[in-house]
Amino acid sequence: MRLICTCSGGRLKQSVRASCASVVLVIGLLVWALPALATQRWPSVGLPEGVSTYAIGERMVISGMPMRLTGFVSPLPPKALTSAFRRSLGEPVVENVSGNKQVLGRALEGFYVTVQIEARSTDRTTGSQGTIAVVDMESVSKNHEQQRVDRLRLLDRLPAGSSIASDMASDDQGKSARHIVIVNTHGQQRNREAVVAMLGKDGYVLEREVHADASASRSLPPQMAGASTLYFKAAGKEAMAVITRTGERTAIVLNTVATLQAYK
């Protein structure tokens, strides 16, 4: 099970692994997307010679967009690799620059392919690295209303004024996972009560709650020093919620994971 992050190449692979290590919770609200991900025929993207790839996420849903994400490295410098990808993608190609990344995009048979390329340099190697994202645009359109209903259902069970800052889901080898960040202006205790009640209705039992002790708090960032971490379990599924307060805003980071038997 792998989830997306906002960096690329080797750093992305490490970040993805780190994210996966923290993901221990349930998905119930995005089951609608998983059958489509399993049966959809995804287009293949031609790779320039010498490009080595590794899988990041084969079945993912990010902010309602079903996608596949692949990382790559190449011995070619970014300029040469961009030209090679431009030829392999074919016309028409949309080009853009985002920070230090060259971005290529092209619509392809109901999908949209995005290639991000940046320089790769270590003590021993130089060249390029990046990611290839393939988004199923037809499924995004078809499932827009169901996605809206699912998000409203989630927010209706949380304190008033809550909003979803990010929403990522994946399905891999019989396990479904979801990573959600929710923000609002209510206090930590109010959010804790809401999370416990919400997950309790889905069959979860709160197993333990962890707070940083005084000595550990001194070495943590201010927003993490007062964080509380809640661990839940249910038949075939687990959940973890981290609740933090920064100024007038509270964030809930909710991770869920479930095996397919949890839905039977």
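Me: How much of the protein chain is buried?
Reply: Buried residues make up 42% of the 264 residues in the chain. Buried means under 20% relative accessible area, exposed means over 50%, and partly exposed is in between, using a 1.4 Å probe and protein chains only. Keep in mind that this is a predicted model, where local features need pLDDT of at least 70 and side-chain atom pairs count only at pLDDT 80 or more, while totals for chains, interfaces and linings use all residues. Residues are numbered from 1 along each chain as its sequence is written, and side-chain values use heavy atoms, with hydrogens and water left out.

Me: Ok, and how many helices and strands are there?
Reply: The chain has 8 helices and 12 strands. These are DSSP runs numbered from the N terminus: helices are H or I with at least four residues, strands are E with at least two.

Me: Which residues touch the most other members of the largest nonpolar core?
Reply: Leu199 and Phe232 do, in a core of 18 residues. A nonpolar core is a set of buried Ala, Val, Leu, Ile, Met, Phe, Trp, Tyr and Cys residues joined through side-chain atoms within 4.5 Å.

Me: Which elements give two or more residues to this core?
Reply: Strand S8 (175–184), helix H6 (188–201), and strands S10 (228–234), S11 (237–246) and S12 (249–259). H6 gives the most, with 4 residues.

Me: What is Phe232 in contact with?
Reply: Leaving aside neighbours within four places in sequence, its contacts include Val195, Val196, Leu199, Tyr204 and Ala241. Contact here means heavy atoms within 4.5 Å.

Me: Switching topic, what's the volume of the largest pocket?
Reply: About 270 Å³. On a 1 Å grid over the protein atoms alone, a pocket is an open set of points with protein on both sides within 12 Å along at least five of seven lines, whereas a cavity is a set where a 1.4 Å probe fits but cannot get out; lining residues have an atom within 4 Å of a point. Points are joined across faces, edges and corners, and the volume is the space filled by probe spheres set on them.

Me: Which residues lie nearest its centre?
Reply: Pro43, Val45, Arg68, Thr70 and Val134, out of 14 lining residues. The largest share of the lining, 4 residues, comes from S1.

Me: Where is Thr82, and is it buried or exposed?
Reply: Thr82 lies in helix H3, residues 78–89. With a relative accessible area of 5%, Thr82 is buried. Not counting residues up to four places away in sequence, Thr82 touches Gln102, Leu104 and Ile117.

Me: And what about Leu108, where is that?
Reply: Leu108 is in strand S4, residues 101–108. Leu108 counts as partly exposed because its relative accessibility is 21%. Beyond residues up to four places away in sequence, Leu108 touches Pro43, Ser44 and Val113.

Me: Last one: which residues does the cis peptide bond join?
Reply: Glu91 and Pro92, with omega about -5 degrees. Pro92 sits in the loop between H3 and strand S3 (94–98).
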